[in-house]
Amino acid sequence: MANTRPFAKCSSVVAAALFLATPQAASAAQPLDNGRPAAAIVDSDVRQEEALARTEAGKVITAIDRTRDNIGTVRKTTKLDRVDIVFLTDAARSEGGPPPAIENKMKQHQEDVAELRQEIEANALLFNAIDSRRVQAEDVLAVEFDNPGKVVIYAAAKPPR
């Protein structure tokens with residue numbers, strides 16, 4: 001019995017420390033009940049534009065070639081000043097998908113593109129940016145980090161109407 005007494009004191013101290021730490025940890029979490037959860041997480045200027053995959057093919061192919069490098073950047077991204085979503089309307093599934101040049105490049109890098117899409121889904125900022133424009137991760141063809149604080153996301157989709 002004499003040996004259990006110090007343990008009882010120690011467990012009480014640990015329990016008290018955990019109890020006191022819990023409210024502080026909860027208050028540090030991001031509030032999502034403010035009516036604007038996406039804006040609170042993204043906190044970036046999200047812009048969209050429409051383009052044709054036929055005319056943007058060079059940029060998209062270059063971005064697809066850089067997918068392996070961009071995966072790491074997506075993983076590390078926690079803040080962006082601007083997110084540009086380029087809707088490649090003629091590459092949407094309803095239009096038959098990307099043109100052959102882009103489709104072939106996608107096949108060459110299919111494992112990297114799949115990993116990029118998973119990283120986008122895991123990144124709260126980027127996921128909420130595409131979700132705010134109703135883009136599914138599976139429609140993302142590539143991303144390009146042009147300047148610090150700016151990303152361009154190429155999506156084979158049509159913008160929401």
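Guide: Asp81 is exposed: its relative accessible area is 51%, and the class begins over 50%. Bear in mind that the model is predicted. The salt-bridge partner of Asp81 is Lys79, with 3.6 Å between the closest N and O atoms. Lys79 has a relative accessible area of 57%, so Lys79 is exposed as well.

Another pair is Arg93 and Glu138, whose closest N and O atoms are 2.9 Å apart. These two residues are 45 positions apart in the chain and link distant parts of it. Arg93 lies in the loop between strand 2 (82-88) and helix 5 (100-108), while Glu138 lies in the loop between helix 7 (124-132) and strand 3 (140-144). With a relative accessible area of 53%, Arg93 is classed as exposed.

The side chains of Arg75 and Glu119 meet at 3.1 Å, N to O. Here too the pair links distant parts of the chain: Arg75 belongs to helix 4 (residues 67-76) and Glu119 to helix 6 (residues 110-122), 44 residues apart. The two partners fall into separate accessibility classes: Arg75 is partly exposed at 47%, whereas Glu119 counts as buried at 17% relative accessibility. The assignment of Glu119 follows from the cut-off, because buried means under 20% relative accessible area.

Arg75 and Glu119 also belong to a network, in which salt bridges with shared partners join them to Arg68, Asp112 and Glu115. For the model as a whole, the count is 17 salt bridges, including the pairs described above, Asp81 with Lys79, Arg93 with Glu138 and Arg75 with Glu119.

Helix 7 deserves a note, since Glu138 is in the loop between helix 7 and strand 3. At the start of helix 7, the backbone nitrogen of Leu125 has a side-chain oxygen of Asn123 within 3.0 Å. Leu125 is itself buried, and the buried residues in helix 7 also include Leu126, Asn128, Ala129 and Ile130. Just after helix 7, Arg134 adopts a positive phi of about 60 degrees.

Key:
Residues are numbered from 1 along each chain as its sequence is written. This is a predicted model: local features need pLDDT of at least 70, side-chain atom pairs count only at pLDDT 80 or more; totals for chains, interfaces and linings use all residues. Side-chain values use heavy atoms; hydrogens and water are left out. A salt bridge is a side-chain nitrogen of Lys or Arg within 4 Å of a carboxyl oxygen of Asp or Glu. Helices (H or I, at least four residues) and strands (E, at least two) are DSSP runs, numbered from the N terminus. Buried means under 20% relative accessible area, exposed over 50%, partly exposed in between (1.4 Å probe, protein chains only). A polar contact is a pair of N or O atoms within 3.5 Å; within protein, one must be able to donate a hydrogen and the other to accept it, and residues adjacent in sequence count only if both atoms are side-chain atoms.
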